[in-house]
Amino acid sequence: MSDVIRLDKLPEKVIIPMRQHDGIACAPLVKKGEEVLVGQKLGECEGSDLAYVHSPFCGTVESIGLMPNPSGKRILSVVLTPSECTQSVEFVPEKNASPSRLIQIIKEAGIVEYYEKPTYLALKPEKRIDTLVMNATFPLITHAYLGSLDKVLKGFSLMLEASGISRGVIVVRADDKESIKAFKGAVVDGKPLTIAPIIGKRHADYYLEDIDDRIIVVAAGKVTYTPTMMNLLSADVMGRKVSLGHEPSDVHIVVCGVKSAKAVYDAISEGKPYLENAVTVIGAVNKPGAVIVRFGTPIKDVIDACGGYKGEPGKVIVNGSMGGVAIYTDEAPVVKNTTGIVVQTKAEVLQDETTACIHCARCVDICPMNLLPTRIASYADMGKYEECEHLYAMNCIECGACAVVCPSKRHLVQLIKYSKLQIHNICAAEAMEEATK
Amino acid sequence: MAFTVSPPPHIKEGVSVKKLMWSRFIVLLPLCLASIYLFGFPALGNLVAGVLGAVFIELAIQKTFKQKVTIGDGNAVYLGLLIALMVPPAVPFWLPFIGAVFGIGVVKHAFGGLGSYMFHPALATWVFLKLSWASLMVPTSVPQLGSLSDLILETGAGFIADASPIAMIGVLYLIARRYIEWRIPLMYLLTTVVLVFLLGDPLSYVFTGSFLLGVFFLATETSTSPITKNGRLVYGVACGLLTVIYGYFTGNYIEGTFYGLLLANAIAPMIERSTVPKPFGGVEA
């Protein structure tokens, strides 16, 4: 936790995309040449799935246009030339606010969950919810926030208060000793936190019944639950399986991240909108570690803060080497849904040739969803999407484990994703036909 | 700066088809050495003839049809060696050569090449040789049945693979590394041992080099066995059952292994289709 750097050096140019999560794009509120302050709202939008965009920097608007984005696409962004000034809009902390007011503040602050859903929507799913689960299973990200753990826990309590959920569960990896130690020393509601292991059928419920704490920490397995692994998270931690087409909220669980808990604290206790995040940088850089970065900072500057590239960089991957996007330029900015950057050298870049499937079943053994990846992929390749559906292609969580272990180096995930898209299209077409009858 | 853009995942396990095939080949080498020690020059000649035949026909087919030459992936070499291991040591050299040409040319490539064949090329070849040159394919002496010390160095002739069952010990490393999956060999062994015990045949009848070759290398051939987890368990049981049925009624567990496995290959797709697992979390209601 000591190796967290705060990136204070001003970048030459800041690119603030008007859409930083998988939802509605905002319309820019500023014009070219305008001066903006720290925390000023840059993007406004209407709809249900929105996250307002604020300026983390003080500076002049240089241009507004399509700019590179870590998603690999070009997205409408406000480009700022930041200045040394630290003037900000007035940050008003809130005290003793009502739950609906808290939700309102969270919405205004533009906080987004790690799984691309705005926090204000995630906390209020309009269903009966009994548990708020905080996913702290990304060790490097969690470590970055251990220094301000009290704020994270305060933010988590505020989230419970805002949503009216009675109890909270913080999930850490069982092998993440550092985080477990830090949580052991933490105090919530005047009491130390209880750390409970998940063993067999003893899920979080088992401990929550025994202890009258509002928040407990559970150490669950050695899995990092990525955004697509909601189903596994709720099954492993709470013992509740989510069936296809449903969300954890259907089994009375809401999931949040460590980052959003910290952001909620900032928004409510300090009045600050969502302006910065911890981003982990690993791979071929001189000083790998976590950096606290303001949104809009180009990835290039983040890598410079980590000592620059080690050797000749071949690939820069945003959000993990299992399912992340390899970006074509390091000018792309860090946005709200950026969690990690992986740098590979030219020598590390994989150059494999796909060969025929030898039916070794390594993908079957590794699949967390119990699917037959090779069969689905083969049918997808042949265009037999109905067969893919019969083999439960839609249950695929696109974790990429099958492609990692494939000795024939087939593009299993891409083929399965493609079949899912086609199945979706077929279903939509059928629904249209039904409707026109 | 130019960066590579490619689809995820960006890291992969260092396992390739090439590695799987060559590691199996290497694990079979001690057995070959034992057979050369025991049978001398004829065994060496036969093994080389088998490998050469396999490489020759694969090269010829891929050159003729202007396909990519895949000798390097080791599959042809490995299959050629298996075919040679399944003939008696005293046969003329052209026999394993012809066998390998048939196995690679017809059973592998005519059915679509690597990963597409429905019968194990080595098994189908053994049956082909057995039917075509029945007199040559009979070992000059059967392995001395009755003593378990034969597991270390076989005193009878049998097939080349019967030379030294213990020399196949390296397969345990492959299973530990998961290059060979444990479900099929385990169920196959268990089923055979239990059935043979129930039927009252001495176990030493069964534990020959050919049988262990069948358990660890022929039954586990990935293209001809089911890919589902439960399917592999069922397939192992089916292999054991078919082996013992043939072996019990003919008294020849070596041939029982090969014929039984060939039949098991035939039912593998059916086993797979009937054991498709339900996905985690269930399906949409």
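User: Where in chain A is the place of Lys315(A)?

Analyst: In this predicted model, Lys315(A) lies in strand S18 of chain A, which covers residues 313-318.

User: Is Lys315(A) buried or exposed, and which side chain of opposite charge is nearest?

Analyst: A salt bridge needs a side-chain nitrogen of Lys or Arg within 4 Å of a carboxyl oxygen of Asp or Glu. Lys315(A) is buried yet has no salt bridge, the nearest side chain of opposite charge being that of Asp352(A), 8.8 Å away.

User: Which side chain does a polar contact join to that of Lys315(A), and which residues does Lys315(A) touch?

Analyst: The side chains of Lys315(A) and His10(B) are joined by a polar contact of 3.1 Å. Leaving aside residues up to four places away in sequence, Lys315(A) touches residues of chain A, including Ala326(A), Val342(A), Val343(A) and Val349(A), and residues of chain B, among them Phe3(B), Thr4(B), Ser6(B) and His10(B).

User: How should I read a helix, taking H5 of chain B, and how many of its residues are buried?

Analyst: In an α-helix there are 3.6 residues a turn, so residues three or four places apart point the same way. Helix H5 of chain B, residues 121-132, reaches 16 Å from its first C-alpha to its last, close to the 16 Å expected at 1.5 Å a residue. H5(B) is mostly covered, with 9 of its 12 residues buried, among them Leu123(B), Trp126(B), Val127(B) and Lys130(B).

User: What covers the buried residues of H5(B)?

Analyst: The cover includes helices H3 (75-85), H4 (94-109), H9 (209-218) and H11 (253-273) of chain B.

User: Where is confidence lowest and highest in chain A?

Analyst: Where pLDDT is low, the predicted coordinates should not be read in detail. Chain A has a mean pLDDT of 89, with 99% of its residues reaching 70 or more; confidence there is lowest in helix H6 (residues 204-210), at a mean of 80, and highest in helix H11 (residues 373-382), at 95.

Key: Residues are numbered from 1 along each chain as its sequence is written. Chains are lettered from A and ligands numbered from 1 in the order in which they are written. Side-chain values use heavy atoms; hydrogens and water are left out. pLDDT is the predictor's confidence in each residue, from 0 to 100. Helices (H or I, at least four residues) and strands (E, at least two) are DSSP runs, numbered from the N terminus. Buried means under 20% relative accessible area, exposed over 50%, partly exposed in between (1.4 Å probe, protein chains only). Lys and Arg count as positive and Asp and Glu as negative; His and the chain ends are not counted. A polar contact is a pair of N or O atoms within 3.5 Å; within protein, one must be able to donate a hydrogen and the other to accept it, and residues adjacent in sequence count only if both atoms are side-chain atoms. Contact means heavy atoms within 4.5 Å. The expected span of a helix is 1.5 Å times one less than its number of residues.
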